[in-house]
Amino acid sequence: MSESAARSIVERLRAEGFEALYAGGCVRDTLLGLTPCDYDVATNARPEQVEGIFPRTVPVGAQFGVILVLEGGSEIQVATFRGDGTYLDGRHPESVRFTDARGDSLRRDFTINGLFYDPIGDKVLDFVRGREDLRAGVVRAIGNPTERFAEDRLRLLRAVRFATTLGFKIDPLTWKAVITWVADIHVVSAERIREELVKILLSPNRLRGFDLLNESGLLREIIPELESLKGCDQPPEFHPEGDVFVHTRLMLSLLAPDASLPLILSVLFHDIGKPSSRMVDETGRIRFNGHEGISAEMTLRLLQRLRFSNDVIDAVIPAVRLHMSFKDVPNMRMATIKRMMARPTFNDELELHRVDCLASHGMLDNHSLLLAKREEFSHEPLIPPPLISGHDLIALGWKPGSRFAEVLQAVQNRQLEGTLTTREEAMDWIVSSHPHK
């Protein structure tokens with residue numbers, strides 16, 4: 001979003017005799033030395049007056065006084081100063097009343113988000129001591145924290161998100177109110193919960209966010225599947241770090257700051273099937289047979305519940321389902337390794353395997369082997385065009401049937417392993433090794 005577009009809107013509103021200021025997050029981020037991701041303008045002009053001044057507008061929330069102004073290739077939200085009426089559903093006010101800048105700041109969530117900035121006079125307007133909390137690094141609810149969260153339960157997650165992304169502390173009274181209201185987070189739509197969760201998890205400070213979600217009880221409410229990992233003990237010879245929850249948290253701490261969302265989600269959910277698959281065999285050893293398949297099924301339901309996109313789901317599920325296959329790498333055929341490495345999710349799978357090992361037994365032999373293989377195969381396509389097709393089998397007199405796929409797969413295996421390199425060699429091999437059609 002362009003600061004110049006926002007400034008132009010402020011100047012035009014001022015020229016028409018209205019008050020206009022930058023509001024909220026863009027002011028907070030600028031004061032912190034960060035680059036705002038968008039700019040919002042607050043004004044005493046009514047929605048219909050804003051629409052009359054600017055030729056290109058969209059009434060995205062006119063009932064709440066919000067008009068989207070299209071200016072210079074940017075989309076800027078212009079909101080009329082407002083106070084909110086009663087919140088009946090824990091998310092939205094049943095009515096609004098138009099007010100002034102001070103009244104508007106008092107209805108916002110946290111002091112650090114209640115600031116205004118006059119770009120013409122280069123002046124910050126602070127009615128809630130937000131600058132003081134910015135300097136102190138504190139997320140503090142405006143006014144009575146219990147009332148702020150009673151109005152809008154999404155603010156519970158926003159408190160954690162700002163503490164995470166900004167590296168701030170949460171004011172004790174605000175934190176106490178978060179804990180009080182956690183069970184009511186379910187009035188918030190799954191989509192909005194997901195949006196806040198993603199912002200927390202994508203932060204380089206994600207471990208702090210995970211801990212705050214856990215300590216507040218929000219994690220238990222949003223992703224109860226992770227709660228069952230607590231106290232689920234593992235074989236100490238392979239998992240000296242502790243139970244499955246400790247293991248998962250440790251893996252999260254080992255991820256790179258710019259880890260992808262599918263990788264982060266794969267880390268969180270790769271072992272959620274362990275509690276339901278846990279058993280002790282006749283030797284007294286703890287086992288989790290088939291937990292990867294159970295984890296994949298549970299993860300699919302969980303991601304669908306939180307309305308994640310199909311693209312994210314399609315990247316996470318294979319990584320969860322196949323994460324145990326990496327232990328078999330030394331015994332894999334070359335063709336199997338190449339197919340593994342050709343999967344679109346392989347890079348995230350490899351990193352999942354790395355942190356899985358580091359957060360448990362610490363052995364990276366298979367990871368090192370795959371890195372060497374990746375280098376070895378880097379100068380050629382992992383999966384080259386097939387040497388033959390079903391038409392070639394028909395030309396040999398074969399009748400189409402179930403054996404086609406089996407034979408074509410066998411040819412490709414040998415192609416990937418380098419024992420068949422031309423179409424002629426492949427055809428000769430079929431004739432000699434499969435005389436019966």
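The bridge partner of Ala23 in β8 is Phe116, where strands (E, at least two residues) and helices (H or I, at least four) are DSSP runs numbered from the N terminus. This is a predicted model, in which local features need pLDDT of at least 70 and side-chain atom pairs count only at pLDDT 80 or more, while totals for chains, interfaces and linings use all residues. Residues are numbered from 1 along each chain as its sequence is written, and side-chain values use heavy atoms, with hydrogens and water left out.

Strand β8 (residues 115-118) runs antiparallel to β1, and two bridges join them; two strands pair if DSSP finds at least two bridges between them. Strand β1 is also joined to β2 (residues 40-43), again in antiparallel fashion, by four bridges. In β2, the residue opposite Ala23 is Asp40. Within β1 (residues 20-23), Leu21 and Ala23 point one way, Ala20 and Tyr22 point the other way, and all are buried. Buried denotes under 20% relative accessible area, exposed over 50%, and partly exposed the range in between (1.4 Å probe, protein chains only).

The protein chain as a whole has 23 helices and 13 strands. Of its 437 residues, 50% count as buried. The radius of gyration, taken over C-alpha atoms, is compared with a globule rule of 2.2 Å times the number of residues to the power 0.38. For a compact globule of 437 residues the value would be near 22 Å, but the protein chain has 29 Å. The C-alpha trace spans about 90 × 55 × 35 Å along its principal axes. With contact defined as heavy atoms within 4.5 Å, 64% of the contacts between residues at least 6 apart in sequence join residues at least 24 apart.

The accessible surface comes to about 20,400 Å², and carbon and sulfur atoms account for 51% of that area; such areas come from the Shrake-Rupley method with a 1.4 Å probe, and for residues only the protein chains shown count as cover.

Two arginines have positive phi values. Arg129, in the loop between β9 (123-126) and α5 (130-136), has phi near 65 degrees, a positive value in a residue other than glycine. Arg129 is exposed, with a relative accessible area of 56%. Arg307 lies in the loop between α16 (291-305) and α17 (310-321), and its phi is near 60 degrees. Arg307 counts as partly exposed, at 46% relative accessibility.
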